[in-house]
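Here is a short briefing on one protein chain. Look over the sequence and the model first, then read on.

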Amino acid sequence: MSKEIEIREKREEDIEMQEIEIDKIYIPETRCNSHFDDEEFKKFLESISSVGLLQPITVCKGSPDLKKPYTLLDGKNRLEAYKKLGYKTIPVQIVEKLDPLLYSLHVNLHRGNADPIELAEIIDKMMEEGKSSKEIAEM
C-alpha cells in the first residue's frame, strides 16, 4: 500500500461529522487565506443564505482555551459568515490526532494561493513549538 493511500485511509477513519455550537470553537491567531474584501464577503453571505453551507468547516478536538473544546483548522470565512448570519451551530468535520499548525500549512500549500507572510508565520510558530526546519520540510 502506498504511503498516500495509507494516510488517506487513516485520515478518513479519524474524521467525525456533526454540528457543534459556534462559540465552542477556538480560532487560532495564525490563519491563512482569511482575507475577503467587503464586497466578496457580502456575496459569500448571500450565497450561504440562499444555498446553505456546501462544505463543513474542519476542527480538531482540544484547544488552548479551556472553554472551547475545538480548534478551527479550516473554514474561517465560513465560520465568520455563519456567525454574521446569526447561526448558533455549524456543520463540522472533526479530525482526531492532528497538529493544527501542520494541517493549516498543508491546506494552504495545496491551495497554492496562500500569502507567503502568513505561511512564514505558521512555520515560525512551529519552530517556536520546538520543530526544526528540517522536520518541517519533511512534513
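How much accessible surface does the chain have, and what share of it belongs to carbon and sulfur atoms? The surface comes to about 9000 Å², and 51% of it belongs to carbon and sulfur atoms. Such areas come from the Shrake-Rupley method with a 1.4 Å probe, and for residues only the protein chains shown count as cover. This is a predicted model, in which local features need pLDDT of at least 70, side-chain atom pairs count only at pLDDT 80 or more, and totals for chains, interfaces and linings use all residues. Residues are numbered from 1 along each chain as its sequence is written, and side-chain values use heavy atoms, with hydrogens and water left out.

**Layout**
- The chain has six helices and five strands. Both are DSSP runs numbered from the N terminus: helices are H or I with at least four residues, strands are E with at least two.
- Along the sequence, the pattern reads α-β-β-α-β-β-α-β-α-α-α.
- Of the 139 residues, 34% count as buried (under 20% relative accessible area; exposed is over 50%, partly exposed in between; 1.4 Å probe, protein chains only).
- Take contacts (heavy atoms within 4.5 Å) between residues at least 6 apart in sequence: 73% join residues at least 24 apart.

**Cores**
- The largest nonpolar core holds 17 residues. Such a core is a set of buried Ala, Val, Leu, Ile, Met, Phe, Trp, Tyr and Cys residues joined through side-chain atoms within 4.5 Å.
- I25, I57, V59, L79, I90 and V92 touch the most other members.
- Two or more residues each come from α2 (38–51), β3 (57–61), β4 (70–74), α3 (76–84) and β5 (89–95).
- Apart from this core lies another, of six residues, including L102, L105, M126 and I136.
- Leaving out residues up to four places away in sequence, I90 touches L53, I57, L79 and Y82, among others.

**Helix α3**
- Its buried residues are N77, R78, L79, A81 and Y82.
- Their cover includes β2 (25–26), α2, β3, β4 and β5.
- Just after α3, G86 takes a positive phi of about 90°.

**Aromatic pairs**
- There are two aromatic pairs. Rings of Phe, Tyr and Trp (its six-membered ring) pair if their centres lie within 6.5 Å; planes under 30 degrees apart are stacked, over 60 edge-to-face, the rest tilted.
- F41 and F44 form a tilted pair, 6.5 Å centre to centre with 45° between the planes. They sit three residues apart in helix α2, so about one helical turn separates them.
- F41 is buried at 17% relative accessibility, and F44 is partly exposed at 22%.
- Y82 and Y87 are stacked, because their ring centres are 4.1 Å apart and their planes are at 20°.
- Y82 is buried at 8%, while Y87 is partly exposed at 37%.
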